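Here are my notes on the model. Please read them with the coordinates open.

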Amino acid sequence: MKLKFHFFPTAFPDETLHSVLSRYARLCGVSSCKAAFAGERAAAWFTQNVAFPSRLRDLVELLPRGTDLSVAQIIKRHTTLPYYTPFLTINQLQYAQASMAVEGKGLMLKLGINASRIEGASRVRFCTECINEDISRVGVAYWHRVHQLPGVLVCPHHRQLLRVVDPSWYSRNTRQLNLPTDDGVQAHSIQLDAAMGTFSGL
């Protein structure tokens, strides 16, 4: 029997898709992708904490009726693609949108990201002040898109250096649906450090 969500949490402002799906899994009482999505093969693509998640059409088909999310809305509201748009041609943007709806093969190469240092500088990051504010405001901390952008080292909301999750630890736990407050994330994150005089430039 094909998986079908019976409910789906409302996404928060600037929340990544991975974060929304991680919160869904917690509400189901699990944390692994396999447990949360009952063997749905496409979940391995759309749950990843990456810049351009794929198989989004499969995800939309699983959502309950009345959920206000289409493939285009997910891309616009919950992935980092909109931040790359000013640097893409119309053809590249259309290719990216179509590719993310399906298997996403060759997307990084097509956008020229594999040939740059941008992806190498990308890491999973969070702001401790945002965590406290999120918990106070909505009851749970979540991953913010703006913190995941390449080169973003300072939180634009609180003007403090972000914490970076150890990429070697994270790569070993890609099947886990993590949130910033998880013990594993907290234990394997490091506080970035920089001279105060560099903050405005960063």
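Is T47 buried or exposed?

1. T47 is buried, with a relative accessible area of 4%. Here buried means under 20% relative accessible area, exposed over 50%, and partly exposed in between, with a 1.4 Å probe and protein chains only. T47 sits in the loop between α3 (43-46) and α4. Beyond its neighbours within four places in sequence, T47 is in contact with H18, L21, C33, F37 and L177. Contact means heavy atoms within 4.5 Å.

2. On provenance: this is a predicted model, where local features need pLDDT of at least 70, side-chain atom pairs count only at pLDDT 80 or more, and totals for chains, interfaces and linings use all residues. Residues are numbered from 1 along each chain as its sequence is written, and side-chain values use heavy atoms, with hydrogens and water left out.

3. The largest pocket has a volume of about 510 Å³. Of its 25 lining residues, N49, V50, A51, R123 and V124 are the closest to its centre. A pocket is an open set of points on a 1 Å grid over the protein atoms alone, where a 1.4 Å probe fits, with protein on both sides within 12 Å along at least five of seven lines; lining residues have an atom within 4 Å of a point. Volume is the space filled by probe spheres set on the points, which are joined across faces, edges and corners.

4. The lining divides into 11 nonpolar, 11 polar and three charged residues. Asp, Glu, Lys and Arg count as charged; Ala, Val, Leu, Ile, Met, Phe, Trp, Tyr, Cys and Pro as nonpolar; the others, Gly among them, as polar. α11 (167-171) supplies at least two lining residues, as do α1 (17-27) and α10 (145-148). The largest share, three residues, comes from α11. Helices (H or I, at least four residues) and strands (E, at least two) are DSSP runs, numbered from the N terminus.

5. The open sheet runs β1-β2-β3, with antiparallel pairing. Its edge strands are β1 (125-126) and β3 (189-191). Three bridges join β2 (residues 163-165) to β3; pairing requires at least two in DSSP. V164 stands opposite I190.

6. Two non-glycine residues deserve a check. D14 has a positive phi of about 60 degrees and lies in the segment before α1. D14 counts as buried at 18% relative accessibility. R159 has phi near 55 degrees and is exposed, at 59%. R159 lies in the loop between α10 and β2.
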